[in-house]
Amino acid sequence: IIPVYNNLNYTMNCLKSILENTKESYEVIVVDDCSTDGTSHVLKNKVKNITVIENKENLGFIESCNRGAVVARGEYLVFLNNDTTVTKGWLSAMLSLFEREDVGAVGAKLVYPDGRLQEAGGIIWQDGSGWNYGRYDDPNKPEYNFVREVDYCSGAALMVKKDLFEKIGGFSRDYKPAYYEDTDICFTLRKRGFKVLYQPEAVVIHHEGATSGTDLS
């Protein structure tokens, strides 16, 4: 499920990387949040075998993801930013951790285009603020390369069981239009007894901020 707002080049690059690096059976749902750069027209006329949902008004990241989840037919949902590039074996690596029945969500290792680590799982401090573990460090260090439980993983590349996602009502609309919804859903899953795991073998390149911006205001 890929929510998009403009940045068609990023979206096309993301779709290309999925096609080239994913062997499993999967479907792609792109939710266009009122783009003004012709995104829907290009996707519908130039890209085969994807589902394109067009929002009639700009709804933001959370509502777009939730709309995509309703349409999805798979047992697992993967929320993926359009400013990402997936790498070989990414999906199978994430999926493999769901062999454990106590797993509710799995996140990927996010790296910057220049090769630095962006996130190896997320930390939430006592005051509610967050931090990406390992940010700007060398992604090949041992401490970032084993499966472990985490507070949360970024919604830029997050896999969740669909039935669990539906049971908890999807991403909470309390956080509309975007941000912290990924933290909230991971905490909700953990509260219900499910684990949130970081999978270092699923490497996803992320151009941070291109999908929803970085302006704190």
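In the largest nonpolar core, which has 32 residues, Phe79 and Phe165 are the residues that touch the most other members. Two or more residues of this core are given by each of β2, α3 (60–71), β4, β6 (103–111), β11 (157–161), α5 (162–167), α6 (181–191) and β12. Helix α3 provides the largest share, four residues. Apart from this core lies another, of 28 residues, which includes Val78, Leu91, Met94 and Leu197. The model described here is a predicted one. As a general matter, nonpolar side chains in soluble globular proteins tend to be buried together.

The surroundings of phenylalanine 79 can be listed in detail. Beyond its neighbours within four places in sequence, phenylalanine 79 is in contact with Ile1, Cys65 and Ala69, with Gly155, Ala156, Ala157, Leu158 and Val160, and with Phe165 and Phe171. Phe165, one of these contacts, is the residue named together with Phe79 as touching the most other members of the largest core.

Which residues of α1 are buried? They are Leu8, Thr11, Cys14, Leu15, Ser17 and Ile18. An α-helix has 3.6 residues a turn, so residues three or four places apart point the same way. The cover over the buried residues of α1 includes the strands β1 (2–4), β2 (29–32), β4 (76–80) and β5 (84–86), together with helix α2 (39–46).

Strand β12 (residues 195–206) contains glutamine 199. Is this glutamine buried or exposed? Glutamine 199 counts as buried because its relative accessible area is 3%, which is under the 20% cut-off. Neighbours within four places in sequence aside, glutamine 199 is in contact with Ala93, Met94, Ser96 and Leu97, with Val106, Gly107, Ala108 and Lys109, and with Val147. The C-alpha atom of glutamine 199 is separated by 8.6 Å from that of glycine 121, although the two residues are 78 places apart along the chain.

A search of the whole structure finds ten salt bridges. One of them joins arginine 173 and glutamate 63, with 3.1 Å between the closest N and O atoms. This pair links distant parts of the chain, 110 residues apart: arginine 173 is in the loop between α5 and α6, and glutamate 63 is in helix α3. Arginine 173 is partly exposed because its relative accessibility is 44%, whereas glutamate 63, at 13%, counts as buried.

A second bridge brings together the side chains of lysine 195 and aspartate 102, at 3.1 Å from N to O. Here too distant parts of the chain are linked: lysine 195 lies in strand β12 and aspartate 102 in the loop between α4 (90–96) and β6, 93 residues apart. Lysine 195 is partly exposed at 23% relative accessibility, and aspartate 102 is partly exposed at 25%. The side chains of lysine 141 and aspartate 137 also meet in a salt bridge, at 3.0 Å from N to O; lysine 141 is partly exposed, with a relative accessible area of 31%. Finally, salt bridges with shared partners join Glu63, Arg173 and Lys176 into one network.

Notes. Residues numbered from 1 in each chain as written. Predicted model: local features only at pLDDT ≥ 70, side-chain atom pairs only at ≥ 80, totals over all residues. Heavy atoms only, no water. Buried < 20%, exposed > 50% of the residue type's maximum accessible area, 1.4 Å probe, protein only. Contact = heavy atoms within 4.5 Å. Core = buried A, V, L, I, M, F, W, Y, C linked by side-chain atoms within 4.5 Å. Salt bridge = Lys/Arg side-chain N within 4 Å of Asp/Glu carboxyl O.
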